[in-house]
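Please read these notes with the model open.

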Amino acid sequence: MLKVMLTLALAGTEVARTALTGNLPDVNGRIALHGLEHTVVVSRSDEGVPTVRGESLEDVARAQGFVHAQDRFFQMDLLRRYSAGRLAEVMGPAVLALDQNQRPSDFQRRAEQLLPSLPDRHVRLLEAYAAGVNAGLAELEAPPFEYAVLGVEPEPWRARDSVLVGLTMFDMLAFGRTFERQRTTMALTLHPDVYAFLTPRSSRSDATLTEGLKTTHIPVDVPGPDVLDLRDSETTSWNQPVFEDPVALGSNNLAIAGQLTTHGGAILSNDMHLGLTVPNIWYRAALAWPGHIVRGVTLPGAPGMIVGTNTRIAWGFTNVTGDEQDFIAVDVDPSDPTRYLVPEGTEPFGEVTHTLGVRGGDPVTLTLRTTRWGPVTEHDASGRPLVMKWSATEPGGFNFEILDMMVADTIEEAISTAQRWHGPPQNVTVADNTGRVGWTISGYIPRRRGFDGSIATSWADGARSWRSPLPSEQHPSIIDPPSGYIFTANNRTLPFDRSTIVSDHFMPPDRARRIIEQLEQLSDATETDVLSVILDTRAQRFDPYRDLILKLTTPEDPVPELARAHQVAAGWNGHADVDQRAFLLLVRFQSRLRARLLTPLLAPCLEADPDFRYNWPLADECILRILEERPQHFLPRAGSDWHAYLRDILLDTVAQLQASGEFGVPWGDVNRPGIQHPFSRVMPGLGQLLDMPDMPMPGHVSTVRVQASGFGASERLVVSPGREIDGILHMPTGQSGHPLSPWYRAGHADWIHGRPTPLISRRVAATLILTP
């Protein structure tokens, strides 16, 4: 339909032209905006980045809502609908399963209840922003083009919708549920030694803020033959679909103090790794009012600045991958299945029914059993009902204290503000204009009583519960580290005895380790030097697999395929660069080793739960320990030889690559950004019009420069507060969500090639004046 509308528009059909071009934003002229106290000027750069200048923060928030709506309203609508479980109302039955997964959290009702509890200063900003959104939408001659394609009308924006957008981000960054679900199945089905082996909590590559590269690592013990003996197992068991790709959502941030920079100012860098779509999740902007100017990236659907600089401090985030979700195992009354056990005895299950709208179809009802702890959403491998306890649904579990980062003057004030912010727990890194750096953890951090939160646990006897959250002033923090730098990359940042209060399932430390290796070499650093750090493609995770190939094979190997594998592996430069012909072989070999070595250990899990999937972040440690020990009882056939068995795995890998025509191809041939508009995913013919160019990309999920199909750096910011003129900021896609806008892809090429795009543009391309 979109192609037909475009053809008709080009042919001169007025209705189609209005539907496609009448929703382009107003970027020049004067428009009266109801509710403004004073005039606001919106000036745009050559890339469409607006600077919004007003006489008060509330006026600026109102104008920001206007600009967001005109450029990105459909994206904002999807973000609020996702957490509310209302996507199918506009997108149809294809997304109904997402709504069925989200609706039990009842976020729309919770968002409405949350608003009255927020400070007045935040409520005023949310309400001004919402009014601006609705004014911006009304000012368009036609709704955004997506609504014409779908045949639906956009709903007005409400202040509670910004809460829903924030909760969508919370959901996107919450992994406790994923890991607790798989650990519960493993704990129910595996020997404790096997369970411990498959869930290591440290890595040989660990690098923490307090210990650096000298972090203590305790190797996990390989289970003995009295616990597990695979010599009589079926050789085909490794073909079972038990693995998912390791969770990769996360980010990098770092800050270096003034003593390490050429100009004496602290430099902050932040690149947040998220799913990449068209348009991008973030929207570049500058917000200015008397005494303040804040630059960075904003979130369409919410006022203020998410990550940026206010000339006094600069701040950035990485996901902690905190454990703020717990499954409560509900004990059904054995004598009455309509009741369940509680500390006082038993009580009846309740029931709640949600009605889900579906575009083009009949409404669907979702009926859930409820308990005092929440609704039953799933069952574990033993059949016990499970209820999810999540900080996002707790009173006080979410707020907008992040808005106050825009007005923080000192590093201490910024750290304190971050600690009060309740949302997805984040590593908050800060640099200030005096050359100082610091770090803390934000979020509602639950304190558990009677259990550790690793697996689903019964609360029936009253011995287990959540206490009040960790007080904000007790959140871990570091200011002015002796090393002069801060770094986080979703890894464990503290020693075990201090980190477990936050989580015990941190992401692999590869990126963090590589960052610290580079920081230790820095002196007299510039912003461009720091950009080079976050564009690094060194892939140390795959060194052992390259070395293994070279030990298993020879250049004159009697098996031609293995001789070729030796030649390819020997030519690797150690990086995930686009021209590297060995890297795909290493990635697939590692994946094949994981399947062949670990699947037999996990077979009981899949038997107990056909939906079980394993993606423990530090699973590489399990592979490496097996390769180090090479225990005979881990081989699938009695009398097998490890050398021959590993050669067989390598030969299998090569055969698969040859069958697909991928053996020895450059990494860039298979590593493409894959950044698509939601429509082109279901209507591929629209890809040329709506999607970003699919180009060879360096990087991998294990490298500092994270890149995979549809996933990567959603922005790259490098800035010294007070020296913003030398700052760097680029992001994928462009500012506009409209494919006919000149700003739809503007700046994307700089992101692709890692060019140092200026944070501040010196040229004004358009000016819009909003008057009271």
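1. Helix 3 (residues 57-84) packs against helix 7 (residues 120-139) at about 50 degrees, and their axes lie 6 Å apart. Axes are lines fitted to C-alpha atoms, for helices over the stretch in contact; angles run from 0 to 180 degrees between N-to-C directions. That makes helix 3 oblique to helix 7 (under 35 degrees is roughly parallel, over 145 roughly antiparallel, 65 to 115 roughly perpendicular, the rest oblique). Helices (H or I, at least four residues) and strands (E, at least two) are DSSP runs, numbered from the N terminus.

2. This is a predicted model: local features need pLDDT of at least 70, side-chain atom pairs count only at pLDDT 80 or more, and totals for chains, interfaces and linings use all residues. Residues are numbered from 1 along each chain as its sequence is written, and side-chain values use heavy atoms, without hydrogens and water.

3. Helix 3 crosses helix 7 in the right-handed sense (the near helix is turned clockwise from the far one by less than a right angle; anticlockwise is left-handed). Contact means heavy atoms within 4.5 Å.

4. An open sheet of six strands runs in the order 13-14-15-16-10-20, with mixed pairing. Pairing needs at least two DSSP bridges between two strands.

5. Strand 10 (residues 325-329) pairs antiparallel with strand 16 (residues 385-390) over five bridges. Aspartate 326 stands opposite lysine 389 of strand 16. Helix 10 (residues 176-189) packs on the sheet and touches strand 10, strand 15 (374-379) and strand 16. The direction of helix 10 makes about 40 degrees with that of strand 10.
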